Amino acid sequence: NPSVRIVRVDAGLRKEQIAEVMGDKLGWGEGQKNEFINIHLDLNSENLEGRYFPKTYMIHKDETPSEVSNIMFEEFEKQTQKIKKPQSKDIINEDAIVTIASIIQRESNGKDDMRLISGIIWNRIFRGMKLQMDATLQYAKGNEEDGWWGRVASEDKNIDSEYNTYKHNGFPPGAIANPNLAAIEAAYNPAKTDCIFYLHDKKSRIHCAKTYEEHKKNIERYY
């Protein structure tokens, strides 16, 4: 069908990047891209980062930014209904889950280490530790000119942003990217672990540690 565009949206993008991907395929100008990025304002809602579900879409070339975002939000609802959620009495707030899933998506190296990273994030939350996740610094400093996911330097830990999880306790104010189903499932179903630190080695394998001392040894060993 010549009036349909196939648009592939990868997991882990922020909505500005999705606006670019959609805009390129659907011929949007800057105004339409901005409308897509700020759709939550039209909906009188909080920021909806995290709910633009990543997948390959078939979209009619004349769909408006509002219609396209709606298609993605509906897909999010449809997909997340399938998730096996823990039957615990204290039902976890979905916004918190989406925020954690977005961090898992950016911090993991594929599906295999997502549940372990989830376990480590929850361990930090339950111990009242700061999350200290580099991906949240990338979100705080990301921009179009310098790149959305630039390398983190040590001075970035001083960035004045509520998304700076080195400075602020608890969750950032919202998601930092748009996670896939595996990351959302991992947020709901963390691996049982005593670890509170982790790193990836040069071959992208994850190594976790229960203490900072152990973590420092891992840094020496694998970096």
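These legends describe close-up views of a predicted model.

**View 1. The largest pocket and its centre.** About 1000 Å³ of space lies in this pocket. Its lining is made up of 25 residues. Those nearest the centre are Glu 107, Asp 134, Tyr 198, Leu 199 and Tyr 223.

**View 2. The elements and residue classes around the largest pocket.** Two or more lining residues come from each of helix H5 (94–107), helix H7 (134–141), strand E3 (197–200) and helix H9 (212–222). Strand E3 gives the largest share, 4 residues. By class, the lining of the largest pocket holds 10 nonpolar, 8 polar and 7 charged residues.

**View 3. The second largest pocket.** The space in this pocket is about 280 Å³. It is lined by 16 residues, and Asn 47, Asp 95, Thr 99, Pro 173 and Gly 174 are the closest to its centre. The lining of the second largest pocket divides into 8 nonpolar, 4 polar and 4 charged residues.

**View 4. The largest nonpolar core.** This core has 51 residues, of which Met 22 and Ile 104 touch the most other members. At least two core residues are supplied by each of helix H1 (15–26), helix H2 (30–37), strand E2 (56–60), helix H4 (65–80), H5, helix H6 (114–126), H7 and helix H8 (181–188). Helix H8 contributes the largest share of the core, 7 residues.

Technical notes: Residues are numbered from 1 along each chain as its sequence is written. This is a predicted model: local features need pLDDT of at least 70, side-chain atom pairs count only at pLDDT 80 or more; totals for chains, interfaces and linings use all residues. Side-chain values use heavy atoms; hydrogens and water are left out. On a 1 Å grid over the protein atoms alone, a cavity is a set of points where a 1.4 Å probe fits but cannot get out, and a pocket is an open set with protein on both sides within 12 Å along at least five of seven lines; lining residues have an atom within 4 Å of a point. Grid points are joined across faces, edges and corners, and a volume is the space filled by probe spheres set on the points. Ala, Val, Leu, Ile, Met, Phe, Trp, Tyr, Cys and Pro count as nonpolar, Asp, Glu, Lys and Arg as charged, and the others, Gly among them, as polar. A nonpolar core is a set of buried Ala, Val, Leu, Ile, Met, Phe, Trp, Tyr and Cys residues joined through side-chain atoms within 4.5 Å. Buried means under 20% relative accessible area, exposed over 50%, partly exposed in between (1.4 Å probe, protein chains only).
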